[in-house]
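The following note comments on a two-chain model and is arranged as numbered points. Please read it alongside the coordinates.

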Amino acid sequence: MSAHDDHHEHGSELSEMALRVRALETILTEKGYVDPAALDVIVEAYETKIGPRNGAIVVARAWNDPAFKRALLEDATNAVAMLGLVGKVGDHLVAVENTPKLHNMVVCTLCSCYPTDLLGLPPVWYKSAPYRSRSVRDPRGVLADFGTVLPADTEIRVWDSTAETRFLVLPMRPAGTDGWDEERLAALVTRDSMIGTALPKSAAEAAR
Amino acid sequence: MNGVHDMGGMDGFGKVEPEANEPVFHARWEGRVMAIMRAMGAAGAWNLDLFRDAREHQPAAFYLTSSYYKSWAKSIETLMLSRGLATPDEVAAGHSLHPAKPLPREPVPLADVGRAIRRGSYGRPAAARASFKVGDRVRTKNINPATHTRLPRYARGKLGVVERVHGCHVFPDSSARGAGEDSQWLYTVVFEGRTLWGEDADPALRVSIEAFEPYLEPA
C-alpha cells in the first residue's frame, strides 16, 4: 500500500503542518494549558474585529479634529483610548505625521513588530525578507514595488520597530475632501497608507 | 545573535510582492498557531523575548524557507520542550503522557479571552536617571552577542541623534536569556542614510531604531 493510500485510509486530508499543529494543540489542551474554545475566539477576533478599519477611524478623526490630532501625535495610546471608538490599544503607540516634505514608513527588520491593535495582523509581505531587508536602505525602491512614487526631495523617514514601541503613519489628507465626514474619510485610509508604503485613496478613487 | 533574522540592508531577496485581498490566515492551522502563541504567552509559559530568541535560533535555511506561521509553530514546540512543558515522547505521540507542570499564570479561559489579545505593557519605573536627552549625539556600540539583541547589525558603531525618550522598558537582551527584565531607558535614535549606507545612499533618507541605553555611548 502506498503512502498516498494510507493517507486516505485514515480519512485525513490534512497537511503535514495541520497535523503537527493539531498535535501541539492536543498536548497543550490535555495538559490544561489552553482551552480550544478560547483559541477559537482569539482567531475570530483577528479575523473579524481587529483590522485596519480601527486605524482608519483614528486617522479620519485626526483629519477632522485638530485637537485630537495634536493629542494623537503627543501620546497616541492615550489619545486613542480617550477616543473610545476602537477599544483599548496597547501601550507605546506612536503616531508619525506625513507632510509635503516628509514621508514616514514603518518596518521591523528583526521580526514582525506591527501596530496590531489598529491594523490587525500584519500581511505576509510586511513579515517577508524582501520588505525587511530593503526598507531601511532603499525605501524608494520598496515604494516603487507598491506603485508609490514620491518627489526626489521628499525626505523619507524609516522607523525600524526594534522595541515594543509601535508606529502608526498619519497620512496626508487627500485634496478635494473638505467637508467630508469621518465615515467618508475613513474609506480613503488604506492599511498600506498607515504603514507608509502607499498613499490614501484620492477623492476620485473613492467615487469610482 | 548575528542571524539571518537580522535582515536590514541585505541584498538578494527580490521584490516585495503584496497579495491582493490577502486573507488574515492562509490555512486554518495558521490561526491555531497564532492563538496558541497568544494564550501561552498570557499564561506566562514564555515571554515575547524568549519567543523571538527561539525563532532566531532556528537553522538559517529553515528560517529563510519556512512560512511565518510554520516558523512560529516550530518556536512553540521548541519552547514547550525547553521550558519543560512537554517532553519529546509527548511531541512524537501528539498527546500528553505525563502530569502537567503548572504555568506561572492561570491559563486563558473562554470567559477572559481579552487577556490573550490585549498587548502587554513593557514600560517600567525608572531605577536611574536617563543618560541621554533629546538632541544628544550618540554612537551605537559595536556589540556582537551570541544571544538575543535588538540592536540590528546595520546600526552598530554608527553616529546618530536622540530624537525621543520613551522611558524605561523591559530590556530584551536580558529578558530573552531568562535573566530578568533589567529595564533600561529606551530612545528613538535617528541616523542619516549616508551614515548607514555610505555616500551612494539616498540623501533624503533618514532611518531610526529604538535603542536601549546599553546600546549607546556619548558621541
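1. Angles under 35 degrees are taken as roughly parallel, over 145 as roughly antiparallel, 65 to 115 as roughly perpendicular, and the rest as oblique. Axes are lines fitted to C-alpha atoms, for helices over the stretch in contact, and angles run from 0 to 180 degrees between N-to-C directions. The model is predicted: local features need pLDDT of at least 70 and side-chain atom pairs count only at pLDDT 80 or more, while totals for chains, interfaces and linings use all residues. Residues are numbered from 1 along each chain as its sequence is written, and chains are lettered from A and ligands numbered from 1 in the order in which they are written.

2. Helix 4 (residues 52-64) and helix 5 (residues 66-74) of chain A have axes that come within 5 Å and cross at roughly 125 degrees; helices (H or I, at least four residues) and strands (E, at least two) are DSSP runs numbered from the N terminus. The two helices of chain A, helix 4 and helix 5, are therefore oblique to each other. Their crossing is left-handed, meaning that the near helix is turned anticlockwise from the far one by less than a right angle (clockwise would be right-handed).

3. On the helix 4 side of chain A, V58(A), R61(A) and A62(A) meet F68(A), K69(A) and L72(A) of helix 5. By class, this contact of helix 4 with helix 5 in chain A has 4 nonpolar, no polar and 2 charged residues. Residues are in contact if their C-beta atoms, placed from the backbone, lie within 7 Å. Ala, Val, Leu, Ile, Met, Phe, Trp, Tyr, Cys and Pro count as nonpolar, Asp, Glu, Lys and Arg as charged, and the others, Gly among them, as polar.

4. Between the chains, 66 residues of chain A are in contact with 70 residues of chain B. Helix 2 of chain A supplies the largest share of the chain A side, 11 residues. That side of chain A has 35 nonpolar, 12 polar and 19 charged residues.

5. I36(B) lies in helix 1 (residues 28-42) of chain B. Is I36(B) buried or exposed? I36(B) counts as buried because it has 26 C-beta neighbours inside 10 Å; the cut-offs are 20 or more other C-beta atoms within 10 Å for buried, 12 or fewer for exposed, and in between for partly exposed, with C-beta atoms placed from the backbone. Beyond its neighbours within four places in sequence, I36(B) is in contact with residues including L24(A), L28(A) and I76(B). I36(B) and I76(B) are 40 residues apart in sequence, with C-alpha atoms 8.3 Å apart.

6. V41(A), in helix 3 of chain A, is partly exposed, with 17 other C-beta atoms within 10 Å. Not counting residues up to four places away in sequence, V41(A) touches L110(B) and V113(B).

7. Strand 3 of chain A and strand 5 (residues 205-212) of chain B pair in the parallel sense over 4 bridges, where pairing requires that DSSP finds at least two bridges between the strands. R157(A) has R206(B) as its bridge partner in strand 5 of chain B.

8. Within chain B, strand 4 (residues 184-192) has 7 of its 9 residues buried. Strand 4 of chain B pairs in the antiparallel sense over 7 bridges with strand 3 (residues 159-169) of chain B, where V162(B) has V189(B) as its bridge partner. Strand 4 of chain B also pairs in the antiparallel sense over 7 bridges with strand 5 of chain B, and T188(B) stands opposite E210(B) of strand 5.

Methods
Contact = placed C-beta atoms within 7 Å.
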